[in-house]
Amino acid sequence: MPLAKARVQAFWGRPTVEEPSAVELPATQGAMWPEVMGLWGQAVGGEYGWNRTGHSDSWFSGSWTRWLYGGNVEIVTMMLDYFSHTHDTAFARDKLLPIAREVVKFYDTHWHHKDGKIHMYPMYSGEGDRNLHNPAADSAGLHRILGELQTVPASLTTSADRAYWAEVEGRLPALAVDENAQDNDTEWGPGDRLKTAHDVFLGTDTNNQNLYPIFPMRLFGAGLPHLDLAVASYQGRRGKYPANGTQDWRHDAIHAAYLGLTAEAKFQTVGAFRTGSWRYAGFGPGASDGEPGQEAHAIAKTALQAMLLHPGAADDAILYNAWPSEWDVQFKLHTTEGRTVQGQLLNGKSEHTVTPAGVGNVIVDGRDPGAGAATGIR
């Protein structure tokens, strides 16, 4: 944390002209962790650039990660998830809240405000979509973070915290949703889709950054409003497996699981679990960053659990959200409020217990659209 805050002050503690965009940024507060980071929290030398001659302190030579900040909102959402499962007050006080305060402050102060709203530019989303205005991944992350921070018990926060978070929430840009790259809707119609950024409809990055509001940010999905918008956005996504080659970091399996698309989630998850050309089955295939790869297998594990037990609204959870009825399973999984859901589905017969009971609902989803339901989605 001290290094992350010192980095912000060294780079942007005063109004700074950002290379190579030539945009003058305001004085910035808070903390920022770079996309490619060493063991001690420093920017990796090859990305930051060894030859600093003629460049400002804030200039990153790595063209793939120069203005990529999404990992900062992702780590806060992961911490919020952990707290929602454990209610570990020491963790919230000592780790979650100190980091969340500084990340929110960074996003609020790093860019100019336009018409009373934070205007994030220049920004990357993923590595391939660059020079964006208000990318969906970061905007969705901030909407989720600021909403959940205000539900943390008041005994762990201050009145100044809560007032500031409410102010910043009011300054957030609308989510990037529309039928095209022009403008953004606040009331969504049947033709609208989740966009990559306010000024880009579908980006070039096959990680499908426009779907980050589904996962990892969980603003859309089964059990939540506007499921039709999210499903249509998934169907119209740019990068698809197997149509567009290898999976690598592509979240198709998780997105399908979160949306309750049983047959599609099954197809994508089985594909993501495929083995590489290695002696050990756990050494998965890779492409962009070499082999063996672990990204596809990690995504498959997350998708498999989301197919079985999916977070719904508030403290609800959906059991068998995208689980094929022909797959036998025995399970014990954790969800919010310290609960575990334990049970089995064998030969089409299901039984489960929730411990402790009485907090939220575990909704048993009986849908099973069958193998043909994925036709036209991939």
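Me: How much accessible surface does the protein have, and what share of it belongs to carbon and sulfur atoms?
Reply: The model is a predicted one, and the areas are computed from it. The accessible surface comes to about 17,100 Å². The share that belongs to carbon and sulfur atoms is 54%.

Me: What is the radius of gyration of the protein, and what does the globule rule give for 378 residues?
Reply: The protein contains 10 helices and 14 strands. Its radius of gyration is close to the value of the globule rule for 378 residues, so the protein is as compact as a globular protein of that length. The radius of gyration is 21 Å, and the rule gives 21 Å.

Me: What percentage of the contacts with a separation of 6 or more is accounted for by residues 24 or more positions apart?
Reply: Of the 378 residues, 48% count as buried. Among contacts with a separation of 6 or more, the part from residues 24 or more positions apart is 57%.

Me: Is helix H9 mostly covered or mostly uncovered, and which helices are included in what covers its buried residues?
Reply: Helix H9 spans residues 262-272 and is mostly covered, with eight of its 11 residues buried. Among these buried residues are Thr-262, Glu-264 and Gln-268. The cover of the buried residues includes helices H7 (227-235), H8 (252-258) and H10 (295-308).

Me: Which strands and helices are included in what covers the buried residues of H7?
Reply: The buried residues of H7 are Leu-229, Ala-230, Val-231, Ala-232, Ser-233 and Tyr-234. Their cover includes strands S7 (177-178) and S8 (193-194), together with helices H8 and H9.

Me: Which residue in the hairpin of S12 and S13 takes a positive phi?
Reply: Strands S12 (residues 340-346) and S13 (residues 349-355) pair in the antiparallel sense over seven bridges. Within this pairing, Val-341 has Val-354 in S13 as its bridge partner. Two residues lie between the strands, and the one with a positive phi, near 55°, is Asn-347.

Me: Which residue in the turn between S5 and S6 has a positive phi?
Reply: S5 (residues 123-125) and S6 (residues 129-132) run antiparallel and are joined by two bridges. Met-123 stands opposite Leu-132 in S6. The hairpin has three residues between its strands, and the turn residue with a positive phi of about 65° is Gly-126.

Me: How exposed is Ala-314, given as relative accessibility?
Reply: Most residues other than glycine have a negative phi. Ala-314 has a positive phi of about 50° although it is not a glycine, and it lies in the loop between strands S9 (309-311) and S10 (317-319). Exposed means over 50% relative accessible area, so Ala-314 counts as exposed at 76%.

Me: What distance separates the C-alpha atoms of Gly-360 and Glu-337?
Reply: Glu-337, in the loop between strand S11 (329-334) and S12, has a positive phi of about 60°. Gly-360 lies in the loop between S13 and strand S14 (362-364). These two residues are 23 residues apart along the chain, and their C-alpha atoms are separated by 8.6 Å.

Me: Which residues are in contact with Gly-360, leaving aside its neighbours within four places in sequence?
Reply: Gly-360 is partly exposed, with a relative accessible area of 41%. With those neighbours left aside, its contacts are Asp-315, Asp-316 and Arg-339.

Me: What is the omega of the cis peptide bond that joins Phe-215 and Pro-216?
Reply: Most peptide bonds are trans. Pro-216 is placed in the loop between S8 and H7. The bond joining Phe-215 and Pro-216 is cis, with an omega of about 15°.

Notes: Residues numbered from 1 in each chain as written. Predicted model: local features only at pLDDT ≥ 70, side-chain atom pairs only at ≥ 80, totals over all residues. Heavy atoms only, no water. Helix = DSSP H or I, 4+ residues; strand = E, 2+ residues; numbered from the N terminus. Rg over C-alpha atoms; globule rule 2.2 N^0.38 Å. Buried < 20%, exposed > 50% of the residue type's maximum accessible area, 1.4 Å probe, protein only. Contact = heavy atoms within 4.5 Å. Areas by Shrake-Rupley, 256 points an atom, 1.4 Å probe, with all protein chains shown as cover. Pairing = 2+ DSSP bridges.
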